[in-house]
Amino acid sequence: MRKSWRIALAAALGISISAGAARAATDIDLYFPVPVQGKLVIEIRQLIGDFNKSHPDIHVTAVYTGSYDDTNLKTAAAIKAGRPPAAVIMSANFVRSYDINHEAISLDPLIEKEGMTPQSFMAEFWPALADNAVIDGHVYGVPFQNSTPLLYYSVDAFKAAGLDPNQPPVTWQDLVTDAKKLTVANKRYGFEMPGTYDYLGWIVSGLAMSNGGQYFNHGYGGEVYYDQPSTLGALMLLNEMVNKLHVMPPGVTDANAVASAFFTGHAAMMVLSTGALTFIRDNMKAPFKVAFMPYNIQPAAPIGGASLIIPAGNSPARVAAAWTLIQWLVSPDIAGRWSRFTGYFSPRIAAYDLPAMKAYLAKYPNAKVALDQLKYAVPWFDTFETVAVREAMENQVQAILSGRTTPEAAVKAAQATADTLMKPYVDKTALNIPQ
Amino acid sequence: MNPRHGHGRELRLLAMLALAAAALMWAMPFAWMLVASLRPESASASDIASLIPSGTVGLGNFTEAWSEGTFPLWYFNTFLMCGGILAMQCITVTAAGYAFARLSFPGRSVLFYLFLLQLMLVPPILIVPNLTTIVSLGLYDRLPGVMAPYFASAFGTFLMRQTFRSIPRDYEDAAMLDGASLSQLIWHVLLPLARPGLAAFAIVSVSYHWNEFLWPLIALSSPANQVLTVGLASFTTGAESASEWGVIAAGTLLVAAPLILVFVVFQRRIVSSFVFTGIK
């Protein structure tokens, strides 16, 4: 009897000691949005579990935070309320706002502590990613999962329309010609793309940039080029396809509906993120291929996806732990594993030198198209008040898709709204002239 | 037979048909959800929009949804959250409703209109101030922190005030004559008479908080404190891709099941409460 008491006591002591040891580890939290689909929640928890096992001095809790926009909202609210998370997987184009509002820390000191310079650190990642990660010369974001828009097309639909499935449309002219041939009234649309917030702005920026434009000032958060021929032409293309040629469905279609239409043969071509590649591959029964975004003046594909940031207001111990986590997440091995699981391309160049990645690309050549398109990659839309300025254009494009406005009126209205939104920042910066 | 009477019959039939059509339209999404949830491999099914079950039928979507989430925990937390909010609200809205209905004090109507003004505020404006408050109260990432901002309810106060005012004063006078104290009066006389109003408020409150997404997402972080809506979103929404409709439908049914069950069981009482208070 007495002996069993002693064992119980020893066991209890042991538990309390190990609990004490666990408490000595730095507790940090990682906010993560679910960018693609549900199984990723399980995968990311496994990933964090692996990290916690191999780093006994750090304990990370992975916190699901909704969509990219929800994650932004929760992070900003948590920072303002004095409970900043240690690290966030943040939509890459929101990073600039965090710098402007002094709500994220520059990672330069942490990088330098590793014996690297910000330049040598960023050289580990694809060059196109730097624009959304390095703000005003300082590193604020570490690219984690990245994407570009891709043209997905159905092999069967191409064959049925008498088109060669190995010759996807390259230019806007090809796109329109093929879409007309692929459209079967009441049965199949030649082309579909998501028209909902975030996705729409991203694709429209891609269209404007493949029409020779810049869409926004990459170096300064107070300028957008909405009321310019390059953007106007992009909206005219959509207007033509929806309202005149009827090769694209009218109204606002969300990404789910677009993919479902593609799966069921109701859409012959669609634009979706490279991040959807694995999901499409798992669910599309008929053969499909992917191609670059078609262009008018020059090929261009805007970067999408998310970067890791460290919000301001964390203790030095939490910052150090978060930095360890970030470095681990973007290490070639882990970055490659995440890329294979999701369909995002790995931002870390060295991930593609690993045997597992080489085998994956050999097995799924589609995954390589996204990577090849990187040579045409352009930065993602980011300005002061990114979301509101983006929505100024999205609201107008949605009106075009619903046949309620003209492209000419749309670009003017979007520009006026955007200028008003950015005025406080412009007044404080570019127009703030020494007197 | 009276021709007028026959005419009335036709009208009745017509009204019945119109109501049946409306009911059918209302039921359509639920019927689709049920059909879609029973259809495995739904993401690529060509007949996903169809209401007629076809192909293989199975519970695969339910087992997948159940295994991807921690439903028992989410149910528990959601029950706790909705129950906690409702319990506190019942006390506060009854007391405040009574005060505004029966007590006379200086500034009563100004205070009442100030109360109603709350209804005009868009909830997202209050996210940061509320979060700051619950952080300073030490309630961040805890269920009481999610509940706290809802402990008082402008809508509930308004509803209870109207309900109390619709009760004839004679009941109170009679109770007073028999020597009832104020608390006895509220508890034994007014509350039983106001029960339909309180029940209607309870339904509105529970279904609102059961379905709420943004505030729990903001105020809670630990997976152990997660509620149903946020949990459901965690495996069904995707920003850059498509969704598996079948799993979404199954997950949504799992989330809505307790509310649907309560509605089916208490249907008569729920309908009569709404008729009594005039809420739609």
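**The sheet in chain A**

I looked up an open sheet of five strands in chain A and found the order S2-S1-S3-S12-S6, with mixed pairing; two strands pair if DSSP finds at least two bridges between them, and strands (E, at least two residues) and helices (H or I, at least four) are DSSP runs numbered from the N terminus. At the edges I noted strand S2 (58–64) and strand S6 (142–147) of chain A, each of which pairs on one side only. Strands of a sheet pair through backbone hydrogen bonds, either parallel or antiparallel. I then followed strand S3 (residues 87–91) of chain A, which pairs with strand S12 (residues 304–309) of chain A in the antiparallel sense over four bridges, and I saw that A:Ile89 has A:Leu308 in S12(A) as its bridge partner.

I reminded myself that this is a predicted model, where local features need pLDDT of at least 70, side-chain atom pairs count only at pLDDT 80 or more, and totals for chains, interfaces and linings use all residues. Residues are numbered from 1 along each chain as its sequence is written, while chains are lettered from A and ligands numbered from 1 in the order in which they are written.

**A loop residue in chain B**

I located B:Ile167 in the loop between helix H7 (154–165) and helix H8 (169–177) of chain B. Leaving aside neighbours within four places in sequence, B:Ile167 is in contact (C-beta atoms, placed from the backbone, within 7 Å) with B:Leu190, B:Leu193 and B:Ala194. B:Ile167 and B:Ala194 are 27 residues apart in sequence, yet 7.9 Å apart in space, C-alpha to C-alpha.

Conventions:
Contact = placed C-beta atoms within 7 Å.
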